[in-house]
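These are my notebook entries on a single protein chain, written while I looked through its model. I kept to one topic per entry.

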Amino acid sequence: MCRFAGEKSFTGQPACRHAAYLVENTDFPKYFAKHRLRPAQGDSLADVPAGGGRILKLHGEKVAAYRDPHSEVTCVSPYCTHMGCLVHWNRAERTWDCPCHGSRFGTDGHIIAGPAETPLEDRKPSAASNAKSQSK
Ligand code: FES
């Protein structure tokens, strides 16, 4: 039970709602900065193992890359569509998870759980990235 239950905030809204919002977002700046500054885990599609995901830096741009068991690679934007935190690979669930507020995305960027309301943007791996990955 919220300790502000029954009280009103300065906006006239239930104070409990505002308290919950503040508590949920207290750590947001810390996670946002920490994860945005996290270095990429590779610079080639060859750095992504079969059945795994990695945050790569390809041609100066970070991408979230997933390689399926048949070696097909799917790349999406690594930036959560809720408030822009960098997602990370959840090896157990095979999902892209956002550490800031808990949104979860499928390997192709579709939404599994919010608060994000739009999928991760598709990023096509360039021909150069593919050629580099095949030569390794
Ligand atoms: S930034 Fe809020 S869930 Fe990702």
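**Entry 1, strand β1.** I began with β1, which is mostly covered, as five of its seven residues are buried. This is a predicted model, and I read everything below with that in mind. I then looked up the partner of β1 and found β2, which runs antiparallel to β1 and is joined to it by seven bridges. Within this pairing I noted that R54 stands opposite A65 in β2.

**Entry 2, the turn between β1 and β2.** The two strands form a hairpin with two residues between them. I checked H59, which lies in the loop between β1 and β2, and found that its phi is near 55 degrees, a positive value in a residue other than glycine. I noted this down because most residues other than glycine have a negative phi. Is H59 buried or exposed? I found 10 C-beta neighbours inside 10 Å of H59, so the residue counts as exposed, given that the cut-off for exposed is 12 or fewer.

I moved along to the pairing of β2 with β3, which is antiparallel and is made over four bridges. Two of the facing positions I looked up are A64, whose bridge partner in β3 is V76, and Y66, which stands opposite T74 in β3. This hairpin has five residues between its strands, and in it S71 takes a positive phi near 75 degrees. H70 is also found in the loop between β2 and β3, and I counted H70 as exposed because it has 7 C-beta neighbours inside 10 Å. I also looked up the distance from H70 to G51, which is 19 residues away along the chain, and the C-alpha atoms of the two are separated by 8.5 Å.

Which residues have the most contacts inside the largest nonpolar core? I found a core of 22 residues, and those with the most contacts inside it are V63, A64, A65, C80, V87 and W96. The elements that give two or more residues to this core are β1 (52-58), β2 (61-67) and β3 (73-76), and the largest share, four residues, comes from β2. I set beside this that nonpolar side chains tend to be buried together in soluble globular proteins. I followed up W96 separately: leaving aside its neighbours within four places in sequence, W96 is in contact with G53, A64, V87, W89, F105 and L120.

At the β7 end I checked the pairing with β6 (residues 104-105), which is antiparallel and runs over two bridges; here F105 has I111 in β7 as its bridge partner.

I put R94 down as partly exposed, because it has 14 C-beta neighbours inside 10 Å. The peptide bond from G114 to P115 is cis, with omega near 25 degrees, and I located P115 in the loop between β7 and α3 (127-135). I recorded the bond since most peptide bonds are trans.

Last, I listed the elements of the protein chain, which has three helices and seven strands, and from the N terminus on they run α-α-β-β-β-β-β-β-β-α. Of its 136 residues, 26% count as buried. Taking contacts between residues at least 6 apart in sequence, I find that 36% of them join residues at least 24 apart.

Terms used
Residues are numbered from 1 along each chain as its sequence is written. This is a predicted model: local features need pLDDT of at least 70, side-chain atom pairs count only at pLDDT 80 or more; totals for chains, interfaces and linings use all residues. A residue is buried if 20 or more other C-beta atoms lie within 10 Å of its own, exposed if 12 or fewer, and partly exposed in between; C-beta atoms are placed from the backbone. Two residues are in contact if their C-beta atoms, placed from the backbone, lie within 7 Å. Two strands pair if DSSP finds at least two bridges between them. A nonpolar core is a set of buried Ala, Val, Leu, Ile, Met, Phe, Trp, Tyr and Cys residues joined through C-beta atoms within 7 Å.
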